[in-house]
Amino acid sequence: MDKHPDSALLSKFGRGRLSRRRNREIVRHLLAQCERCRRMASRYLPPAHLRGAEPSSEARRFDYGAAFTQAWRETERRQTAFLAEQAAAPELLSALLAEPFERQWALATTDSRYHTWTVCERLLDAARELGFQDPARALDLSKLGVEIAARIDRAVCGETRVNDLCARAWAGLGNARRIRGDFREGEACFATAERLLKRGTGDPVEKANVLLLKSSLRGNQQRFREAFRLLDRVLAIGRKCGDPQLCGKALIIRGFFLGVADDPEGAIRHLAEGIRDVDPATDARLLVAAQHNLILFLAESGRYEEAMRLLESARPLYYRTGDQMSLLRLRWLEGKIGIALGQFAEAEELLRGVRKELIERELGFDAALLSLDLANIYARQGRGAEMRRLAEEMLPIFKSRDIHREAIAALLVFQKAAEMERVTLGLIREVSSYLKESRATAGTRTRELR
Amino acid sequence: MATLDHPELRESLNILLKNSRPRLERVLRNFEIPPEDAEDILQDAQLTLLYKWDKIRSPESWLIGTVKKKCIMYWRKRRGSLCEAVDTAILDLLAVPQAPDQEKAELTCDLNRVLARLSTRCRSLLKLRYGLGYGPTEVAEQMGYRTSSIRKVTNRCLAALTRQLLAVGFEVREPEGEPQDG
């Protein structure tokens, strides 16, 4: 190229929009050190020291008026359609939720009225709300959410935004699987969610929410270091985005896992700090869970009076949320504190009721853990016959679900000891802590009962 | 954030966009985003805000942060396209089969002059790429990089080359340090 390329051509070159032949000509021209063209083309490089630098004199003259007007015009146009979609969503969702699962599946996969952003988002919210109350239903709704998210019109909502929502749906499904104890499948769901996030808008809040759920999986797998790393990232995002709720959630989850990892003081500190950040008006359920764990760790640290005081002050919140699972856990907690305070008869009655409901909800793992609290009462009172019966009842609960062999083996040890009337409080503590740990995957399976 | 009623959402969004405009303009100007490209950045951020309104707790901070991030991505993408264009063009120029010797010699001389201003590592890497026609795996082997990191290293060197190619009239900084493996 003997002649200088004009500015339009250089602009296209700078944006990588030229044909190969044209590109070749311009690069050859620039290699020959044409100062004029190099100067013109240099404006297509990122400005030096972007952050904190004063804009160049050219940039100071930029007029963004038209850009704002056009962007707003398009947003307003989409807003009208989006608001209509939002108005239609509650009725559609009610109709969907009233159907049996097979019909829900058929509607979610074939009826385009359901393939909207708002229906999907509300369905995912409903699944999340149901998480611990009705894990089986939460799983079904999460599956529907994934199906609907994949069918949302990308041309209308935008490719990257839909990828964000798909990531949210997959993370929700992963979380529902975690709650059911299906860690391996949960893991795969999170891998898909993260892949989708990479093709999303880059929204840090969306990312933080996926990381929060993933940290819960890591914690349940006893991979605490990884869980804490994820939570640190969430905290950093929350602080950067001025989102105290996000920070509060991260602190609460961290507190919970610190407690599980045998650091009750750390747990109490983080939970108390997290509770201060969470807005009770917007996330009462989280607040109940946080208060619940705080009471639990206070009790486990022997601070029973503080635990009882907090329990009494938190009781209205438990009832206000109306979450059956939270109320069930409240009774369990009362039973545990009752044991610690030596109120065995009341504690036993409470725990027996809770155990029955856990079994009905197919929460076998929790039912088995709770059985060990009952065993604690029998051991303290030397009630060998009840202990034997309890041990016999525990194994079928476990076998009814896909619980791995090591956990069953731990229960067999307990059952054997019960038969021989040799169950001690120490053994109960060992089996209980082993069962909690044995929710983990292969990594922790090597640990043996002492 | 609780779900807003429809008129309330419209109103809140309008107020937010109006109030945040001066800050957004400042962000665009600081990042020197050409006005013709600012519309896409603004529109994309605003639409995402609309769709996620219920999930975002501090909409103004979120919007400013998102626009900043999009500005960074804008330049990253622009730099990527430019580097790719330069790289492809140089490979094409060197591959022309029947170019006269004189032309080839001039091209090599011009290219070497630009490469001479790069760090030793980048110069060696690009000489293998352009001079000997090595592919990424061969370059990695030759220079002791892991195959998994050679793409990143090559991209850094291409960015340095592109900066040198377009550098004139002001001091251009060398790429920060030597490329590090891994």
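Helix axes first: an axis here is a line fitted to C-alpha atoms, for helices over the stretch in contact, and angles run from 0 to 180 degrees between N-to-C directions. I also noted that helices (H or I, at least four residues) are DSSP runs numbered from the N terminus.

Before going on, I reminded myself that this is a predicted model, where local features need pLDDT of at least 70 and side-chain atom pairs count only at pLDDT 80 or more, while totals for chains, interfaces and linings use all residues. Residues are numbered from 1 along each chain as its sequence is written, and chains are lettered from A in the order in which they are written.

**Entry 1: α18 and α20 of chain A**

I looked up α18(A) and helix α20 (residues 364-381) of chain A, and their axes come within 10 Å and cross at roughly 25 degrees. Angles under 35 degrees count as roughly parallel and those over 145 as roughly antiparallel, so I wrote down α18(A) and α20(A) as roughly parallel. Which residues of α18(A) make the contact? I found A:W332, A:G335, A:K336 and A:I339, facing A:L370, A:D373, A:N376 and A:I377 of α20(A); contact means C-beta atoms, placed from the backbone, within 7 Å. They divide into four nonpolar, two polar and two charged. For these classes, Ala, Val, Leu, Ile, Met, Phe, Trp, Tyr, Cys and Pro are nonpolar, Asp, Glu, Lys and Arg charged, and the others, Gly among them, polar.

**Entry 2: α17 and α18 of chain A**

Next I checked helix α17 (residues 304-321) against helix α18 (residues 324-340), both of chain A: the axes come within 11 Å and cross at roughly 165 degrees. These two are therefore roughly antiparallel. Among the residues in this contact I spotted A:Y304 and A:L311 of α17(A), and A:L327 and A:I337 of α18(A). By class, I got ten nonpolar, two polar and no charged residues.

**Entry 3: the cores**

I then went for the largest nonpolar core, which has 139 residues, with A:C120 and A:W170 having the most contacts inside it. A core is a set of buried Ala, Val, Leu, Ile, Met, Phe, Trp, Tyr and Cys residues joined through C-beta atoms within 7 Å, and buried means 20 or more other C-beta atoms within 10 Å of a residue's own. Helix α16 (residues 284-300) of chain A gives the most to this core, eleven residues. Apart from it I found another core, of 37 residues, including A:L18 and B:L115.

**Entry 4: where the chains touch**

Last, I saw that 56 residues of chain B are in contact with 58 residues of chain A. Which helix gives the largest share of chain B's side? It is α3(B), with 19 residues.

Methods
A residue is buried if 20 or more other C-beta atoms lie within 10 Å of its own, exposed if 12 or fewer, and partly exposed in between; C-beta atoms are placed from the backbone. Angles under 35 degrees count as roughly parallel, over 145 as roughly antiparallel, 65 to 115 as roughly perpendicular and the rest as oblique. Two residues are in contact if their C-beta atoms, placed from the backbone, lie within 7 Å.
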